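The sequence and the structure are shown first.

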Amino acid sequence: MGEVKWTKEQALAINEKGENILVAAGAGSGKTAVLIERIMNKILNEKIDIDKILVVTFTKAAASEMRERLLKSLYKEIEKNPDDSYLQRQTMLLSKANICTIDSFCLDVVKNNFFETGISPNFKIADSTEIQILKLETLEELFDEKYEANEKDFMKLVNMFTSYKEDEELKGIILSIYDFIQSTPYPKKWIEEKVEAFKTEQISFEETALGAILFNKAKDEIENGILNLKESLESIKYEEDTEKIVVILTEDIRKITELGDAKTWDELYDRVENLSLDKFSSSKAVPDEIKDKIKNKRQKVKESIKAINNKILLMKTEDAHQGTKQMYEILIKIKNITLEFIEKFTKVKQDKNMMYFDDIAHAALEILTKEESNVSDKYKQKYEEIMIDEYQDSNLVQETILTSISRGNNMFMVGDVKQSIYKFRKARPELFLEKYDTYKNKEDLEEGDSLKIQLFKNFRSRKNILDITNILFNNIMSKELGDIDYTEDEYLNLGADYEKGENLNTELHIIDLKEEEESIYKGEEKEEEPEERIEDVVLEAKFVANKIKELLDNKFQVLTKDREKRDIQYKDIAILLRSTKANAPIYEQEISKLNLPVFCDTASRIFRFS
């Protein structure tokens with residue numbers, strides 16, 4: 001194998017230094033290879049010992065893989081220079097280098113600096129099941145104490161959310177709040193500030209935090225209505241005898257657009273309340289199919305607009321302020337019981353000499369941000385660079401911890417916000433987006449700026465795969481849905497040099513469940529009982545099974561590694577599923593019905609054929 005030819009952007013990500021760097025690495029862009037090469041560049045050319053670099057990965061498996069790849073790269077260099085003692089020393093230092101998850105790093109900080117807190121050095125790390133049981137028991141005990149004391153504020157909450165001794169909903173609220181605020185650097189401060197945000201003055205309600213969200217939601221509903229009407233208008237404006245419908249839809253669009261021009265909460269409320277659309281009519285010459293379709297769609301738009309006042313705005317400013325005041329009083333009570341739970345739960349864990357990963361992270365943060373302590377300075381001096389993989393899945397606690405030990409110009413962050421899937425674990429992709437929007441490209445970089453590098457060349461897929469991916473995401477991903485506008489600047493571009501093949505057009509199949517099932521069964525006789533609905537996943541599995549059989553029967557041609565053509569084989573086919581637990585047995589059954597050998601790897605969610 002020859003020497004790797006890095007792209008201009010990859011080379012920049014490998015060699016650039018002197019400022020914080022964000023690498024936006026699209027799928028298949030070789031970001032792991034770039035990370036490894038950057039570390040090797042630090043070792044070989046900048047003469048930085050491997051243990052002077054902190055590499056934070058998302059999983060233990062990723063950390064282990066990175067160690068293995070670095071060791072392999074070091075051995076290759078040693079083969080070229082077998083007497084190089086510096087290289088040999090790096091292989092020894094690698095074993096104690098901080099290439100780890102953020103949880104492991106926080107644990108290291110706490111155990112090495114336990115004397116900075118009241119934490120015992122031999123604490124036990126609780127597993128998720130154990131901590132969940134303890135959490136429920138503690139909350140149950142807290143509720144029992146409050147029932148016995150017949151505490152006034154608590155009983156008001158119980159009466160509001162649930163009934164006596166059937167308080168699961170209220171418990172669920174407390175636990176949800178607790179779990180969420182653990183991903184913030186200072187949980188108690190966060191809940192205090194957010195509750196106080198509901199203490200509003202007598203201003204127009206769209207200027208309040210809650211009002212702004214609802215006001216924008218109402219405007220979005222109006223915009224959706226306009227788009228639907230314009231779509232209906234576009235579909236019939238060239239049809240014969242539809243002049244009356246065109247006039248009605250045009251007037252609808254004008255009136256609803258005026259709603260969206262409202263500047264204040266009360267103005268929008270009044271305009272929606274007084275909205276009156278003309279009665280629908282059309283020429284008798286218009287086919288019923290077209291007329292009914294437009295009429296139904298228009299009616300849905302009308303209902304959605306009228307629902308703005310019933311479901312979103314609900315009331316005018318004066319009443320909204322009164323409602324917010326009542327909500328503030330409720331939130332104060334919820335806040336207080338949440339803080340009590342935090343104190344009690346913390347005490348229970350301390351008594352058991354037990355910590356969970358959230359506790360360890362907050363303890364590490366406390367140690368590193370203590371004003372009278374110099375622990376963070378020691379880490380700043382130790383690490384020449386802090387590298388963060390999968391940065392789009394970081395949360396605020398992790399961000400604050402790593403920032404506290406950086407020098408302000410030595411953080412190297414790699415990620416792709418389009419691959420952020422861990423919001424349910426309190427990941428904050430907006431951390432990535434904030435830097436993505438403010439960091440500068442190399443050509444615009446000035447002193448004191450931070451650098452953004454985009455790796456959007458894909459080395460994993462052929463052009464036809466990338467083209468269909470770009471078309472799909474260009475149409476469905478926006479700032480509102482997916483946190484980023486998927487424009488040409490975000491496109492995955494061909495990076496690999498694949499030999500041009502025949503019949504390699506990408507196929508996208510959409511199964512319309514309203515269509516007759518014959519199109520899915522490919523000629524099979526229809527069931528005698530059409531009213532019995534087949535589950536969607538079964539239809540998909542049947543389609544996939546038949547598609548595989550079609551490829552095999554038609555002897556679809558594939559290229560071997562030696563660039564030779566041959567008939568497709570079972571081993572060339574894989575099915576990727578988002579979830580295998582429920583769906584895998586169904587796919588396996590439908591594929592087996594066609595006498596095709598199939599194996600399901602439930603751990604990796606992949607089907608293979610052999």
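## Backbone, rings and overall form

Leu314 lies in the loop between helix H13 (288-313) and H14. Helices here are DSSP runs of H or I with at least four residues, strands are runs of E with at least two, and both are numbered from the N terminus. The model is predicted, so local features need pLDDT of at least 70 and side-chain atom pairs count only at pLDDT 80 or more, while totals for chains, interfaces and linings use all residues. Residues are numbered from 1 along each chain as its sequence is written, and side-chain values use heavy atoms, with hydrogens and water left out.

The phi angle of Leu314 is near 70 degrees, a positive value in a residue other than glycine. Leu314 is partly exposed, with a relative accessible area of 47%; buried means under 20%, exposed means over 50% and partly exposed lies in between, for a 1.4 Å probe and protein chains only. Asn595 likewise has a positive phi, of about 60 degrees, although it is not a glycine. Its place is the loop between helix H22 (584-593) and strand S14 (599-601), and at 69% relative accessibility Asn595 counts as exposed. Most residues other than glycine have a negative phi.

Gly260 belongs to helix H11 (residues 243-260) and is partly exposed, with a relative accessible area of 25%. Leaving aside neighbours within four places in sequence, Gly260 is in contact (heavy atoms within 4.5 Å) with Lys219 and Ile222. Between Gly260 and Arg271, which are 11 residues apart in sequence, the C-alpha to C-alpha distance is 9.3 Å.

Turning to the aromatic rings, those of Phe, Tyr and Trp (its six-membered ring) pair if their centres lie within 6.5 Å; planes under 30 degrees apart count as stacked, over 60 as edge-to-face and the rest as tilted. By this rule the count comes to 16 aromatic pairs.

Tyr147 is buried at 9% relative accessible area, and Phe154 is buried at 2%. Phe341 and Phe345 are both buried; they lie in helix H14 (residues 317-351), four residues apart, about one turn of the helix. One aromatic cluster is formed by Phe105, Tyr379 and Tyr383.

A charge sits over a ring if NZ of Lys or CZ of Arg is within 6 Å of the ring centre and within 35 degrees of the ring normal. The charged end of Lys111 is placed in this way over the ring of Phe123, 5.7 Å from its centre. For Lys452 the ring is that of Tyr436, with the charged end 4.2 Å from the centre.

The protein chain as a whole has 22 helices and 15 strands. Its C-alpha atoms fill a box of roughly 95 × 80 × 55 Å, taken along the principal axes. Of its 610 residues, 40% are buried. Among contacts between residues at least 6 apart in sequence, 73% join residues at least 24 apart. By the Shrake-Rupley method with a 1.4 Å probe, the accessible surface comes to about 35500 Å², of which 48% belongs to carbon and sulfur atoms.
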